[in-house]
Protein chains: 2
Amino acid sequence: MIRIAVDGMGGDYAPQVIVDGAVRAANDFDHIEVVLVGQEEALKRELKKHKLTGGKLTVRHASEVVTMEDTPVAAIKKKKDSSIAVCIDLLQKREVDAVVSAGNTGAAVAAATLRLGMLKGVRRPGIAISTPSLQGMSIVMDVGANLNPSANELLHYAIMASVCAKSILKKRNPSVGLLNIGEEECKGTEVIQEAHKLLRDSNLNFIGNIEGRDFFNGKADCIVCDGFVGNVVLKLLESVLETSKILVKRNMQKNPLSYLGAYFMKPAIKSVLEDINYEEAGGAPLLGVDGTVIIGHGISSAKAIRNAIRKAGEFVSTGVNEQIVDVIANLKSSAPTQGQDGKINAGSV
Amino acid sequence: MIRIAVDGMGGDYAPQVIVDGAVRAANDFDHIEVVLVGQEEALKRELKKHKLTGGKLTVRHASEVVTMEDTPVAAIKKKKDSSIAVCIDLLQKREVDAVVSAGNTGAAVAAATLRLGMLKGVRRPGIAISTPSLQGMSIVMDVGANLNPSANELLHYAIMASVCAKSILKKRNPSVGLLNIGEEECKGTEVIQEAHKLLRDSNLNFIGNIEGRDFFNGKADCIVCDGFVGNVVLKLLESVLETSKILVKRNMQKNPLSYLGAYFMKPAIKSVLEDINYEEAGGAPLLGVDGTVIIGHGISSAKAIRNAIRKAGEFVSTGVNEQIVDVIANLKSSAPTQGQDGKINAGSV
């Protein structure tokens, strides 16, 4: 049995959709036990609306709630009994195997960094998402944990993304691209140029700089970037689908015959939609911390929460964290990689 | 007659497509005279392939070529007789009214900044593009001239974008959004948080932070961002169309009846394509320098070059630069806005 703590108070529609998603996960996945963390009264009120048909789900009280307006440091210092802090504490004491939170990302990153500590050799955590391209799935890292990574931190993101691409996407020798404003080595900020050198000299399968257009063509299995641009791109990608639907519909209204066409094209369009449905993924792992933490979107639906819980369960059994430690210990790069400063300077998404 | 200098050697397919595009513009636009700048022999060889049916087109020799690998500073210091340097010189001497270049963006930005100087009150230039949304067009600035803008430079980009939205997109009171990783004021880097305060205290129609998903929904008429994230997003947006076509086609092959549907949907799909055809725009103005400089994509086609030349002609008559100087002179913000350091630190796209 895998035990997963779920932050019941984190997310734009918490606790309603979180409780709904947690019940769905408990009902659907026999091997998962859900520990729902948050204000007991509110959670139990929501639980009454749903039917638990199987599996295990328990409630763990936490008196405080971190809001989206709280800065990460304030959230951690002032709200010691928040739902996210209690989730991370349970993981730190190994009372659970993983944590899922769709709340304030900065607070989750800060709590995880401080309480769980970092994997040996890693300095700063990052969030890795998988995104569909014309060649299959790619990993993008970081998408919001670290807004100003150093060159060395970008190298670490490349390593962590590469391990994920091997373990989870089953790519044999994952290619790594550095997101930049041009293909040439001389392009980009000083940090990006320095990261380019570190990546070139590493034993990763580095294919050089890639650009905005390369998200869709699948040029790289792993796309390395800072958390600011990664977050902007992630949210843009997620909106492409909705926008296309509105645009096609709007233009169809100008020409009624299109409706007939749409009827016949439905299977093709539906298939495209399934390819790029982000709700299926549910959440993204926070990599680099010593434990499994899955970060969900603030706007997560119940289905997304259910899938984030499933993903947390899968992630626990992959051994990704152990592999990251191994690769970093054997790093051929000349750059300093040991040590951790434990500084909280996490971005807040 | 409006005289426009065209950098004949700048662009991934130069000089072929540049000459082709220049001839098309000379033939199509009676009020425009094209001065094609570059290696005379190469340009004349290309010119022989085309028929000049009307309009004026002259060739101006420049012996050197700036490549995509040259850094901006090296390009300016070492290649004083390059096609882009000669173009900018012609504009500085007012022998032409505008410059169009699809070459090394960093070199064009550096040359323009140094030789033309800045508009009074502006410190750093930025590139503004217009992009389609569900509500019409929006302006995004900067998309690659300045990779690390200060908060005050971001305020200036907001002002310049706002003037463009009024003058060119005919929006009465253009809304301004600051691209960030969340809606809350506390989100983002220190520079972004500081820019948020400057924008809030300005007399612009500032609507707060916007996110990646807001590029398509048209939440803001002007989207303000640094040149790194702006460039990545621009190239990503441009690739959406191509990707959608491939995806729909691929999925249609799984279901032959879809072809019938596609036939009927053609008008609707074609209409969508026209809405988001970036080739039509041709190029984007470099705002903040004292003169009209239109930056084209490295991958510009002949059609895009033709349209960039048309755009340069339109821009000359808008009076955008005079309006920018006016607005900045009347700025209510407490931040320092006067002075210019003339530093070349331009990003290179």
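Q: What does it take for two strands to pair, and in which sense do β1 and β4 of chain B pair?
A: Two strands pair if DSSP finds at least two bridges between them. This is a predicted model. In it, β1 (residues 2-7) and β4 (residues 98-101) of chain B are joined by 3 bridges, in the parallel sense. Ala5(B) is opposite Val99(B) in β4(B).

Q: Which sense do β1 and β4 of chain A have?
A: Parallel, over 3 bridges. Here Val6(A) faces Val100(A) in β4(A).

Q: In what order do the strands of chain A lie in the sheet?
A: The order in chain A is β3-β2-β1-β4-β11-β10-β5-β6-β9-β7-β8. That makes 11 strands in an open sheet with mixed pairing. The edges are β3 (56-61) and β8 (205-210) of chain A, each pairing on one side only. From one strand to the next, the twist averages 30°.

Q: What is the strand order in chain B?
A: Chain B reads β3-β2-β1-β4-β11-β10-β5-β6-β9-β7-β8, an open sheet of 11 strands with mixed pairing. Its edge strands are β3 (56-61) and β8 (205-210).

Q: Which strands of chain A does α5 lie across?
A: Helix α5 (residues 105-116) of chain A lies across β4, β10 (284-287) and β11 (292-295), at about 175° to β11(A). Helix α11 (residues 302-316) of chain A also packs on the sheet. α11(A) touches β1, β2 (32-38), β4, β10 and β11, and makes about 155° with β11(A).

Q: Is α11(A) largely enclosed or largely open?
A: Count its buried residues. In α11(A), 12 of the 15 are buried, so the helix is largely enclosed by the rest of the structure. Among them are Ile305(A), Ile309(A) and Phe315(A), but also Arg306(A), Arg310(A) and Lys311(A). From first C-alpha to last, α11(A) reaches 22 Å, close to the 21 Å expected.

Q: Which residues have the most contacts inside the largest nonpolar core?
A: In soluble globular proteins, nonpolar side chains tend to be buried together. Here the largest nonpolar core has 212 residues. Ala22(A), Val224(A), Ala22(B) and Val224(B) have the most contacts inside it.

Q: What is Ala22(B) in contact with, beyond its neighbours within four places in sequence?
A: Val6(B), Val34(B), Leu36(B), Leu57(B), Ile305(B) and Ile309(B).

Methods. Residues are numbered from 1 along each chain as its sequence is written. Chains are lettered from A and ligands numbered from 1 in the order in which they are written. This is a predicted model: local features need pLDDT of at least 70, side-chain atom pairs count only at pLDDT 80 or more; totals for chains, interfaces and linings use all residues. Helices (H or I, at least four residues) and strands (E, at least two) are DSSP runs, numbered from the N terminus. Axes are lines fitted to C-alpha atoms, for helices over the stretch in contact, and angles run from 0 to 180 degrees between N-to-C directions. Two residues are in contact if their C-beta atoms, placed from the backbone, lie within 7 Å. A nonpolar core is a set of buried Ala, Val, Leu, Ile, Met, Phe, Trp, Tyr and Cys residues joined through C-beta atoms within 7 Å. A residue is buried if 20 or more other C-beta atoms lie within 10 Å of its own, exposed if 12 or fewer, and partly exposed in between; C-beta atoms are placed from the backbone. The expected span of a helix is 1.5 Å times one less than its number of residues.
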